[in-house]
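Please look through the sequence and the model below before reading on.

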Amino acid sequence: KLDVKKLRREVHRDGDWHESVEIWLSNLEQVLVQQRSGSKDTNPNRLDCSCAGHVDVQDLSPEFTAIRELKEEIGLQFQPQDLIFAFLSPCVSRTNTYYDRELVHVFILPCSNFQDFRFTVAANEVVNLHVEPISTVLTDLAQGHKRFVPKPKHYVDALAHTFQRIKKNNLLKI
C-alpha cells in the first residue's frame, strides 16, 4: 500500500511499487475469469482473474480491498473470512505506456455453483465474465497466451500449487 495518495495512472507512469489484490472465484474444477474493459490503461480486453484492484491508502488491509473490489467490479458482497489467502507475488510489467510494479495479494474465493451468484459488472472495468476449466487457464497463463493478462512464471506456479493444496487438503468449504 502506498503511504502517499497518488493517482493510478501516475503510479503506473512512474513505476512505483504498490500493492494490489487478485481474487479467483473457484470450485476447484473451474474458475471465473473476467474480460477487462477496452478502456483500461493496462491490458485492455484481455482475460484476467475474477476480480482485481489496487490497495488504496485508506484500505485497512488487502482483504478489505478484495471485498471492496468484488462489490465494485462484479457486484458480489462477501466478508473477509470468506477469502482464502493464497500467496503474495511481486509482478512487474513494462510497455511503452506504463511501468507496473506490484506486490499482488492473491486470494481464492470458494464457489460451489457460479449460477448461484447475480453478477453486476462495472462496464468501465469489466466487459464480460465467464467460467473456464482451471487446467485451461493455468496452461494458457503458463504459455503466455495473448488472451490473458501476462503473469510471471512464479505466479502461475504458485496459483497451480494453491489449487492443488486446497483440493488435496479439502480446504474449500463450499
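In this predicted model, the lining of the largest pocket draws at least two residues from each of helix 1 (8–14), strand 1, strand 2, strand 4 (51–54), helix 2 (62–74), strand 5 (84–94) and strand 6 (99–110). Among these contributors, strand 1 gives the most, with five residues.

**The largest pocket**

- The volume of the largest pocket is about 850 Å³, and of the 45 residues that line this pocket, Arg8, His12, Gly53, His54 and Glu102 are the closest to its centre.
- Sorted by class, the lining of the largest pocket consists of 18 charged, 16 nonpolar and eleven polar residues.

**Salt bridges around Lys151**

- In general, side chains of opposite charge can pair when their charged atoms come close.
- The structure as a whole contains twelve salt bridges, and two of the partners of Lys151 in such pairs are Glu22 and Asp48.
- In the salt bridge between Lys151 and Glu22, the closest N and O atoms are 3.0 Å apart. This pair links distant parts of the chain, since Lys151 sits in the loop between helix 3 (134–142) and helix 4 (153–168), while Glu22 belongs to strand 1 (residues 17–26), 129 residues apart.
- Lys151 and Glu22 are both buried.
- The side chain of Lys151 also meets that of Asp48 in a salt bridge, with a distance of 2.9 Å from N to O. Because Lys151 lies in the loop between helix 3 and helix 4 and Asp48 lies in strand 3 (residues 47–48), this pair ties together parts of the chain that are 103 residues apart in sequence.
- Lys151 has a relative accessible area of 12%, and it therefore counts as buried, the cut-off being under 20%. Asp48, at 5% relative accessibility, is buried by that cut-off too.

**Other salt bridges**

- Glu29 and Lys167 form a salt bridge through their side chains, with 2.6 Å from N to O. This pair, too, links distant parts of the chain, for Glu29 is in the loop between strand 1 and strand 2 (30–36) and Lys167 is in helix 4, 138 residues apart.
- Is Glu29 buried, exposed or partly exposed? Glu29 has a relative accessible area of 47%, so it counts as partly exposed, a class that runs between 20% and 50%.
- Lys167 is likewise partly exposed, because its relative accessibility of 45% falls between those limits.
- A network of salt bridges links Asp56, Asp59, Arg68, Glu69 and Glu72.

**Two residues of strand 6**

- Asp100 is found in strand 6, and with a relative accessible area of 10% this residue is buried.
- Which side chain is joined to that of Asp100 by a polar contact of 3.2 Å? The partner of Asp100 in this polar contact is His18.
- Leaving aside residues up to four places away in sequence, Asp100 touches His12, His18, Cys91, Val92 and Ser93.
- Leu109 also has its place in strand 6, and its relative accessible area of 1% makes Leu109 a buried residue.
- With residues up to four places away in sequence again left out, Leu109 touches Ile23, Trp24, Leu25, Ser26, Leu70, Phe78, Asp82 and Leu83.
- From C-alpha to C-alpha, Leu109 and Gln30 are 12 Å apart in space, while in sequence these two residues are 79 residues apart.

Key: Residues are numbered from 1 along each chain as its sequence is written. This is a predicted model: local features need pLDDT of at least 70, side-chain atom pairs count only at pLDDT 80 or more; totals for chains, interfaces and linings use all residues. Side-chain values use heavy atoms; hydrogens and water are left out. A salt bridge is a side-chain nitrogen of Lys or Arg within 4 Å of a carboxyl oxygen of Asp or Glu. Helices (H or I, at least four residues) and strands (E, at least two) are DSSP runs, numbered from the N terminus. Buried means under 20% relative accessible area, exposed over 50%, partly exposed in between (1.4 Å probe, protein chains only). On a 1 Å grid over the protein atoms alone, a cavity is a set of points where a 1.4 Å probe fits but cannot get out, and a pocket is an open set with protein on both sides within 12 Å along at least five of seven lines; lining residues have an atom within 4 Å of a point. Grid points are joined across faces, edges and corners, and a volume is the space filled by probe spheres set on the points. Ala, Val, Leu, Ile, Met, Phe, Trp, Tyr, Cys and Pro count as nonpolar, Asp, Glu, Lys and Arg as charged, and the others, Gly among them, as polar. A polar contact is a pair of N or O atoms within 3.5 Å; within protein, one must be able to donate a hydrogen and the other to accept it, and residues adjacent in sequence count only if both atoms are side-chain atoms. Contact means heavy atoms within 4.5 Å.
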